[in-house]
Amino acid sequence: MSRRDRPRVCALALACLLIAAVGLQVVRDRAYAQGASDDRLLYVSSGRVIEKLALSYDAVLADAYWIRALQHYGHEHLKPEGSKSYDLLYPLLDLTTTLDPHFIIAYRFGAPFLAEPKPDGAGRPDLAIALLKKGIGATPDKWDYYHDIGFVYYWHLHDYERAAEWFKRGGDRPGAPWWLKTYAAVMLVRGGDRHASRFMWQQMAQSESAWLREASGRRLMQLDALDQIDALQRASESFTARAGQIASSWEQLIAAGVVRGVPLDPDGAPYLLDAVSGDVGLGRDSTLRPLPTEPAAAPELARAATPPTP
Amino acid sequence: MSAIRHIAVHVFRESVRDKVLYNLVLFALMLMGVSYLLAQLSAGQEIKIIKDLGLAAMSLFGLFIAVFIGIGLVSKEVERRSIYALLAKPIRRQELVIGKYAGLVLTLLVNISVMTVAYYAVLGVMAWVNGSWFKPHWEAPALDPALLKAIAMIGLQLMIVTAVALLFSTFSSPMLAAALTIGLYIVGHFNADLKNFETVVDSRPVVYLARAMYYVLPNLAPFDIKAQIVHGIHVPAGLLLLNTAYAFVYIAALLAAASLIFTRRDFK
């Protein structure tokens, strides 16, 4: 082999060896498959310790924990119902926000998913509130956190007085939007009225954050679905009253001229009509399932809404 | 003055010959790769994460250069015995120390400058991909000029670390100098704890000793303004000025100590 050929031979040998290494890797993986790495490992649980160890690299570590929180949520979200567990979501977000106390998205992303009932969230509104209060500790004038705490009290805990108190506190922050104070009044007067819910979700749908807009859009579709289900339920009941029998299919209602066609929910899936009870609900394949548990109307509203008995 | 300049240029050229500037390629590749990956992973936080990562990488790469070249500045000359030829020339030992320091600082500054250009270029591309230079939910614009403040503080911090490495290089072996420099760098980020030692210890002498160490050891934590800048939080000009003044005074003290040790050192 001449000296001129040597580099070429080396390059060829290198390429062959790399291909062989990849081949061996593939064969080994097939023969002795390794378990997936344990993404449920937290490594370090104390935010204070990791903050010290990070020296001046705490912001980068916060980013790493933020990405892990997203991956954890996404990974669990894709699991089949019954096997989802978001138990690492709070520790990961807590670490993220300890390392970077001004990481706004971590508080605002974390709280809704911590508060969301299982199986779509961790079902821990208490932790959502704790996380947001931590955010207020770092940035006391950030009205968004007050708004989000109020929303958790309103939507998940149905505690309208506390919700009103937090909305009011948020409205008092410098730069807070005008509508935040109106939330407080709406809470106290109208409680869990669906119009109040729609108003709030519409405001959230204006958010600059794409994921918040997306989540709000889905909620608004669910509220529309609830309205439609109520209307269809009334139609089904009026048919029962007229025909003296429960409607067993949409075809029966279409033939009777009660509905024009098989009704579809806002995401395009057909509604389900229970043949036994005549109850209307979302189809099994509807992407809007499960519908939210609506906050109950405030007692004053419930009284006002109840027609006086003759 | 001319001797210092010649030595500094020589150190810079040597660093270039030692392929120190190759880390710039690594930096640029890392930022570009990470920006592509983050677009899929970070739920709209890619600009923030690239800012964090870029500043951290500048600091970390600079630290490696400061420590691993700084520790060899003098000791390598002694090991190679080229120190005898140098000292035979009409150069004062202090000039040699200061010239070596200036050369490494020049290397670091060139590094940081090129990294800054690459950093802004990547941020510019990301902003372009996002279709906006500033979005309402970003806390600061993508091409925020305030990032230069954080970069300047990183530069000052690295200049202190270089001076520490040079000081240790004048009297100890490279390995020991590296360990001591990294140790001091870590202590430099922890030493606010020394100031409040009375909260964990009752003994007054220990508290006074801790407080004395707090003032004598380099305090690097105040130079870390990366997170504030990335979040668009105002950093007072007074802090930047005091940091700058502290860095120059502390570096002068370290160079004085290094010159003193080097001047008294016997190379027989």
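I began at A:Leu282, which sits in the loop of chain A between β2 (280-281) and α13 (299-305). The model is a predicted one. Is A:Leu282 buried or exposed? I counted 22 C-beta neighbours inside 10 Å, so A:Leu282 is buried; the cut-off is 20 or more.

Next I asked which residues A:Leu282 touches, leaving out those up to four places away in sequence. I found A:Ala225, A:Asp265, A:Tyr271, A:Leu272, A:Leu288, A:Arg289 and A:Leu291. I also checked the spacing to A:Asp265, one of these partners. A:Leu282 and A:Asp265 are 17 residues apart in sequence, and their C-alpha atoms are 7.4 Å apart.

**Chain A as a whole**

I noted 13 helices and two strands in chain A. Chain A has 310 residues, and 35% of them count as buried. I then looked at its contacts between residues at least 6 apart in sequence: 51% of these join residues at least 24 apart.

**Helix α3 of chain A against α4**

I turned to α3(A), residues 58-78, and α4(A), residues 89-99. Their axes are 8 Å apart and the packing angle is about 160 degrees. The pair is therefore roughly antiparallel, since an angle over 145 counts as such. I logged the crossing of α3(A) and α4(A) as left-handed.

Which residues make this contact? On α3(A) I listed A:Asp58, A:Leu61, A:Ala62, A:Tyr65, A:Trp66, A:Arg68, A:Ala69, A:His72 and A:Tyr73. On α4(A) I listed A:Leu89, A:Leu92, A:Leu93, A:Leu95, A:Thr96 and A:Leu99. Sorted by class, the contact of α3(A) with α4(A) has 11 nonpolar, two polar and two charged residues.

**Helix α3 of chain A against α3 of chain B**

I followed α3(A) across to chain B. Here α3(A) packs on α3(B) at about 140 degrees, with the axes 8 Å apart. That angle makes α3(A) oblique to α3(B). I noted a left-handed crossing for α3(A) and α3(B).

From α3(A), the residues that meet chain B here are A:Ala59, A:Val60 and A:Asp63. Their counterparts in α3(B) are B:Ile49, B:Asp52, B:Leu53 and B:Ala56. By class I have five nonpolar, no polar and two charged residues in the contact of α3(A) with α3(B).

**B:Lys48, also on α3 of chain B**

I then picked out B:Lys48, which belongs to α3(B), residues 46-70. Is B:Lys48 buried or exposed? With 25 C-beta neighbours inside 10 Å, B:Lys48 counts as buried. I checked its distance to B:Ser113, 65 residues apart along the chain. The C-alpha atoms of B:Lys48 and B:Ser113 are separated by 21 Å.

**Helix α3 of chain B against α7**

I stayed on α3(B) and looked at its packing with α7(B), residues 147-169. The angle is about 20 degrees, and the axes lie 8 Å apart. These two helices are therefore roughly parallel to each other. I recorded a right-handed crossing of α3(B) and α7(B).

The contact residues of α3(B) are B:Lys51, B:Leu55, B:Met58, B:Ser59, B:Gly62, B:Leu63, B:Ala66, B:Val67 and B:Gly70. Those of α7(B) are B:Leu147, B:Ala150, B:Ile151, B:Ile154, B:Leu158, B:Val161, B:Thr162, B:Ala165, B:Leu166 and B:Ser169. How many are nonpolar, polar and charged in the contact of α3(B) with α7(B)? I have 13 nonpolar, five polar and one charged.

**Chain B as a whole**

Of its 268 residues, 39% count as buried. Among contacts in chain B with a separation of 6 or more, I read that 79% come from residues 24 or more positions apart.

Terms used
Residues are numbered from 1 along each chain as its sequence is written. Chains are lettered from A and ligands numbered from 1 in the order in which they are written. This is a predicted model: local features need pLDDT of at least 70, side-chain atom pairs count only at pLDDT 80 or more; totals for chains, interfaces and linings use all residues. Axes are lines fitted to C-alpha atoms, for helices over the stretch in contact, and angles run from 0 to 180 degrees between N-to-C directions. Helices (H or I, at least four residues) and strands (E, at least two) are DSSP runs, numbered from the N terminus. Angles under 35 degrees count as roughly parallel, over 145 as roughly antiparallel, 65 to 115 as roughly perpendicular and the rest as oblique. A crossing is left-handed if the near helix is turned anticlockwise from the far one by less than a right angle, and right-handed if clockwise. Two residues are in contact if their C-beta atoms, placed from the backbone, lie within 7 Å. Ala, Val, Leu, Ile, Met, Phe, Trp, Tyr, Cys and Pro count as nonpolar, Asp, Glu, Lys and Arg as charged, and the others, Gly among them, as polar. A residue is buried if 20 or more other C-beta atoms lie within 10 Å of its own, exposed if 12 or fewer, and partly exposed in between; C-beta atoms are placed from the backbone.
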